[in-house]
Amino acid sequence: MKDKFVINIGRQLGSGGKAVGEAVAARLGIGVYDKQLINLAAEQSGICPEIFEKADEKESRNLFATFIGYLRSPFVGSEYSGSNVLSSDALFKIQSDVIRDLASRESCVFVGRCADYILRDHPRTVNIFIAAGRAERIERLCRLHGIAPGEAESLMDRTDARRAAYYNYYSSGTWGMAETYDLCIDSSVLGIDGTTGFVLEFVERKLGVKP
């Protein structure tokens, strides 16, 4: 693992954090994982992807108390063997195992999913949070999803609140707070390309990795 590295990106909805993560990964020639983690976790655990979709970046202790009999896969491990209830905490554990396994095998970029906390013991990580001004975020969401500004603003606030609750529940940090990350960037200042370049420069300075 000593030569491998990981870039973890937290982001406000509409900030372009996912686009930055994809661009950074492309420039470095490494993989980027976001929604793909749901399918990987489902494949390795034998649990249907729809259940992971319902739990995706949502803080919950009991959302899945009605799902019975899914914890029979060997991947889940003995600590779940006596349980008949598929909790969101169990789903988080499965997804965390997938993230740690990927990080042990390859250099990569993770977008969201509490990956910075899950990989807190990884020796070579850069943890970044990408924000942007409200107006820029609303405009971006309207453009990408073809929705009205009011709908975009409502979606933005709901999603950010959900991501914050998820992160704050599962980690020891505070979502979006500067002290939780190595670097926080306002992408509305530099744009997606400029933010990508800034991240790459920071990664080079911290880890010695050149694009």
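A: The side chains of aspartate 34 and lysine 18 form a salt bridge with an N to O distance of 3.8 Å, a salt bridge being a side-chain nitrogen of Lys or Arg within 4 Å of a carboxyl oxygen of Asp or Glu. The two partners belong to distant parts of the chain, 16 residues apart, with aspartate 34 in the loop between β2 (31-33) and α2 (36-45) and lysine 18 in helix α1 (residues 17-28); helices (H or I, at least four residues) and strands (E, at least two) are DSSP runs, numbered from the N terminus. Aspartate 34 is buried at 6% relative accessibility, whereas lysine 18 is partly exposed at 41%, where buried means under 20% relative accessible area, exposed over 50% and partly exposed in between (1.4 Å probe, protein chains only). Salt bridges with shared partners join Lys18 and Asp34 with Arg113 into one network.

The model is predicted, so local features need pLDDT of at least 70 and side-chain atom pairs count only at pLDDT 80 or more, while totals for chains, interfaces and linings use all residues. Residues are numbered from 1 along each chain as its sequence is written, and side-chain values use heavy atoms, with hydrogens and water left out.

Across the whole structure, the search finds 11 salt bridges. One of them pairs arginine 137 with aspartate 160, whose closest N and O atoms are 2.2 Å apart; this pair links helix α6 (residues 134-145), which holds arginine 137, to helix α7 (residues 149-170), which holds aspartate 160, and both residues are buried.
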